[in-house]
Amino acid sequence: MEYRKAGEKNIKEYGFPVTIDEKLGTLQWVDLRELTLSYLICIENIAPFFENMREGKLVTTRCPECGEIFFPPQKDCPNCMISEMEWIELGREGTLETLTVVFVRPPTFARYDPYVVAIVRLDDGVKITAWLRGDPEKVKIGDRVRIEIKRREKEGHYMYEIVPVEG
Ligand SMILES: [Zn+2]
C-alpha cells in the first residue's frame with residue numbers, strides 16, 4: 001500500500017491525502033478511510049455441500065428428471081422447474097481446460113498475492129472453476145489435475161482447489 005503511505009505523508013506536508021500515479025503521472029486522491037464489507041448469502045438449501053466439504057467430500061446436485069449435474073449445487077433445475085434435486089459425490093480427477101493469473105484483484109482478494117484461477121473438466125463431465133495451487137508455468141492445457149479440499153490460508157475456511165496430478 002505505497003499510495004496509502006504517500007497519502008498519509010502528503011496530508012501533513014501538502015494538506016491533502018494525494019499522490020502521483022506512477023504510470024500516468026496524474027494527481028490522485030488517496031481515500032484513507034477503510035472500507036470493511038461483509039454480507040450474508042443464504043446457503044440453507046445447499047447446506048449438504050458445506051457439511052460434506054468439512055468431511056473432505058465434494059458433492060453437488062443432479063436433477064433426477066433430466067440428469068443434468070450442477071456445480072456449484074443448485075436447489076432447482078432450470079430445465080425442469082423442479083426442486084427435488086438429488087445429491088451426488090463428484091469424482092476428483094479431470095483435465096485442465098484453461099487457466100489465468102489474476103494480477104488485478106478484486107477488493108475482497110486484495111490481501112492475496114496474484115493467484116491462478118483455472119477450469120477443470122472432471123471425468124464425469126462437470127466443469128469446476130477454482131484456484132489452482134502451484135506454479136502456473138508448470139502446467140499446460142490438457143494436463144491431469146485433481147480437486148483437493150483444504151482450509152484457505154487467510155480466511156481459514158474450507159475450500160476446494162485444483163492441484164496438478166504428479167507424474
Ligand atoms: Zn432437470
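Two strands pair if DSSP finds at least two bridges between them. Strands (E, at least two residues) and helices (H or I, at least four) are DSSP runs, numbered from the N terminus. The model shown is predicted: local features need pLDDT of at least 70, side-chain atom pairs count only at pLDDT 80 or more, and totals for chains, interfaces and linings use all residues. Residues are numbered from 1 along each chain as its sequence is written.

**View 1. Strand E8 and its two partners.** E8 (residues 127-132) is joined to E10 (residues 158-164) by 2 bridges. E8 and E10 run parallel. Here Trp131 stands opposite Glu161 in E10. Arg121 stands opposite Lys127 in E8. The hairpin of E7 and E8 has 4 residues between the strands. In this hairpin, Gly125 takes a positive phi near 95°.

**View 2. The barrel.** The barrel is closed by 5 strands, in the order E6-E7-E8-E10-E9, with mixed pairing. On average, neighbouring strands of this sheet are turned by 50° against each other, direction ignored. Axes here are lines fitted to C-alpha atoms, for helices over the stretch in contact, and angles run from 0 to 180 degrees between N-to-C directions.

View 3. H1 covers residues 2-13, which makes 12 residues. How far does H1 reach from its first C-alpha to its last? The span is 17 Å, close to the 16 Å expected at 1.5 Å a residue. The expected span is 1.5 Å times one less than the number of residues. Gly15 follows H1, and its phi is positive, near 95°.

**View 4. Phe49 in helix H2.** Phe49 has its place in H2 (residues 47-54). Is Phe49 buried or partly exposed? Phe49 counts as partly exposed because it has 18 C-beta neighbours inside 10 Å. A residue is buried with 20 or more other C-beta atoms within 10 Å of its own, exposed with 12 or fewer, and partly exposed in between; C-beta atoms are placed from the backbone. Leaving aside neighbours within four places in sequence, Phe49 is in contact (C-beta atoms, placed from the backbone, within 7 Å) with Val59, Thr60 and Pro73. Phe49 and Val59 are 10 residues apart along the chain, yet 5.7 Å separate their C-alpha atoms.

Conventions
Two residues are in contact if their C-beta atoms, placed from the backbone, lie within 7 Å.
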